[in-house]
Amino acid sequence: MNPHGTNDSTRARVKLSPSLLSSNFARLEESVREMENGGADWLHLDVMDGHFVPNITVGPLIVEAIRPITKLTLDTHLMIENPDSYIPQFVNAGADIITVHMEACPHLNRTVSHIKSLGVKAGVAINPATPLGLLEEILVDVDMVLLMSVNPGFGGQSFIPSLFRRAKTLRGWIDREGLDCMIEADGGIKLDNIANVYEAGVDVIVSGSGVFESNDPVKTLREMRKRCDATQLVEV
């Protein structure tokens with residue numbers, strides 16, 4: 001058994017979703033190409049409104065600009081108030097997955113249904129201090145849960161290690177109920193902890209500064225996959 005409690009050696013290969021928030025927006029297409037060359041599965045797009053989180057980033061126009069230049073899944077993370085008002089715009093721009101924050105959605109079931117009615121996958125994000133138990137009623141309806149391992153709003157923050165316990169618990173719920181729901185983790189994930197995050201039961205790993213602030217983003221992304229793959233070779 002690995003250090004964080006999962007013991008399934010047949011898990012699907014990790015999906016890597018580098019966050020373009022940490023890329024150079026003056027050469028955004030070049031950054032997308034680098035991530036493709038590095039073996040990215042998805043591209044993570046952090047949308048912030050200056051209200052739900054204390055920062056402002058990209059909107060639908062950036063998603064629309066990226067959509068024609070890549071076939072990678074566009075993993076769109078809405079850290080905004082009133083997401084229902086903007087979900088159609090992001091879907092029309094080309095997002096493949098829309099993730100909203102539980103803390104921003106008083107009528108979460110309706111929001112999730114809204115996303116899925118537009119033909120894309122629905123995710124729910126949860127902040128580090130929000131009790132996991134609040135997911136109980138929505139878990140059966142979502143395609144993905146995004147566990148934040150930093151407090152949302154800025155790139156480059158330090159990893160909060162409670163992610164390991166929370167991912168293990170959530171993995172147990174999903175597996176026990178046989179749900180078709182992925183676990184994503186986002187925040188402070190770098191080469192030195194990515195394998196442990198994957199071992200904890202996470203399916204999709206987001207890394208921004210851990211990739212783009214390295215000396216060689218392509219090499220770093222490839223090394224991240226190697227370190228996750230290596231965990232599957234260890235006897236459990």
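1. Helices are DSSP runs of H or I with at least four residues, strands are DSSP runs of E with at least two, and both are numbered from the N terminus. H51 sits in the loop between β2 (42–48) and α2 (60–66).

2. A word on the source. This is a predicted model, in which local features need pLDDT of at least 70 and side-chain atom pairs count only at pLDDT 80 or more, while totals for chains, interfaces and linings use all residues. Residues are numbered from 1 along each chain as its sequence is written, and side-chain values use heavy atoms, without hydrogens and water.

3. Is H51 buried or exposed? H51 counts as exposed because its relative accessibility is 59%. The cut-offs are under 20% relative accessible area for buried and over 50% for exposed, with partly exposed in between (1.4 Å probe, protein chains only).

4. H51 has E81 at 6.7 Å, C-alpha to C-alpha. In sequence, the two are 30 residues apart.

5. Now the whole chain. It has eight helices and eight strands. Its radius of gyration is 17 Å, close to the 18 Å from the globule rule for 236 residues, so the chain is as compact as a globular protein of that length. That radius is taken over C-alpha atoms, and the rule is 2.2 Å times the number of residues to the power 0.38.

6. The C-alpha trace spans about 45 × 45 × 30 Å along its principal axes. Of the 236 residues, 53% count as buried.

7. Take contacts (heavy atoms within 4.5 Å). Among those between residues at least 6 apart in sequence, 67% join residues at least 24 apart.
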